[in-house]
Amino acid sequence: MIIGRFLSPSYHIRVLKLDKFKPEEIVNGFRRRGAHVSEFPRDIDIELAIESFMASSYGDYVYVLKFPKGRLFLARHTKRLHEKKWPNSGRYIARDENGLKRFLLREVSRKSMVIIEVPRIIIWGAVWWLVWNYFERYPLGTFLLFFVGFFLDDLSKVLEYFVLGHCRD
């Protein structure tokens, strides 16, 4: 939350895994609240489908609705929508349209997810390598890592935000 306020993102994204709900009920609820909802088509190019969703809708709040049997809906609204019955799920922020597109590609395609996750793994690898080298020389630093660990997590989120265009909120 603090990172989101500090970075002032353009988009707030929420991924909802709604395994216990019927798609028609949830989608109609989103539409009644004024959200633009569209089912993600699997028969056309993934990037084209995401770009058409982004071009045909507007708003700062994007929702990825995942249902059983691989059904996926994308929703977009100008206001934050929240329901108490929704399961705890991933909350993300995106810096710009490119970050939003990259995030949506990661969510809908396993192949794109693997390609997009490589820079994130490199960022985390660099952070852990630096920490490991430092604490190998100074064993007492392990005690300090407990206190600095929260800062390192926030630092890695900021790096992901600026390098990838999106990160976990």
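What percentage of the 169 residues in the protein chain do buried residues make up? I find 41%, where buried means under 20% relative accessible area, exposed means over 50%, and partly exposed lies in between (1.4 Å probe, protein chains only).

**Entry 1: Basis.** I note that this is a predicted model, in which local features need pLDDT of at least 70, side-chain atom pairs count only at pLDDT 80 or more, and totals for chains, interfaces and linings use all residues. Residues are numbered from 1 along each chain as its sequence is written, and side-chain values use heavy atoms, with hydrogens and water left out.

**Entry 2: The chain.** I looked up the elements and found 6 helices and 6 strands. Helices (H or I, at least four residues) and strands (E, at least two) are DSSP runs, numbered from the N terminus. From that end, I read the order as α-β-α-β-α-β-β-β-α-α-α-β. I then turned to contacts (heavy atoms within 4.5 Å). Among those with a separation of 6 or more, 71% involve residues 24 or more positions apart. The chain exposes about 10900 Å², of which carbon and sulfur atoms supply 60%; accessible areas come from the Shrake-Rupley method with a 1.4 Å probe, and for residues only the protein chains shown count as cover.

**Entry 3: Strand β1.** I recorded β1 as residues 11-17 and mostly covered, with 5 of its 7 residues buried. Two strands pair if DSSP finds at least two bridges between them. β1 runs antiparallel to β5 (residues 90-94), joined by 5 bridges; here Val15 stands opposite Gly90. With β3 (residues 61-66), β1 pairs in the parallel sense over 6 bridges, and Ile13 has Val62 as its bridge partner there.

**Entry 4: Helix α4.** I checked the span of α4 (residues 97-108): its 12 residues reach 16 Å from first C-alpha to last, close to the 16 Å expected at 1.5 Å a residue. The expected span is 1.5 Å times one less than the number of residues. Why is α4 described as largely enclosed by the rest of the structure? The reason is that 9 of its 12 residues are buried.

**Entry 5: A surface patch.** I located a nonpolar patch formed by Phe151, Leu155 and Leu159, with about 270 Å² of accessible area together. Phe151 belongs to helix α6 (residues 141-164) and is exposed, at 53% relative accessible area.

Definitions and conventions: Patch = residues over 30% accessible without salt bridge, like charges linked within 9 Å, V, L, I, M, F, W, Y side chains within 5 Å. Salt bridge = Lys/Arg side-chain N within 4 Å of Asp/Glu carboxyl O.
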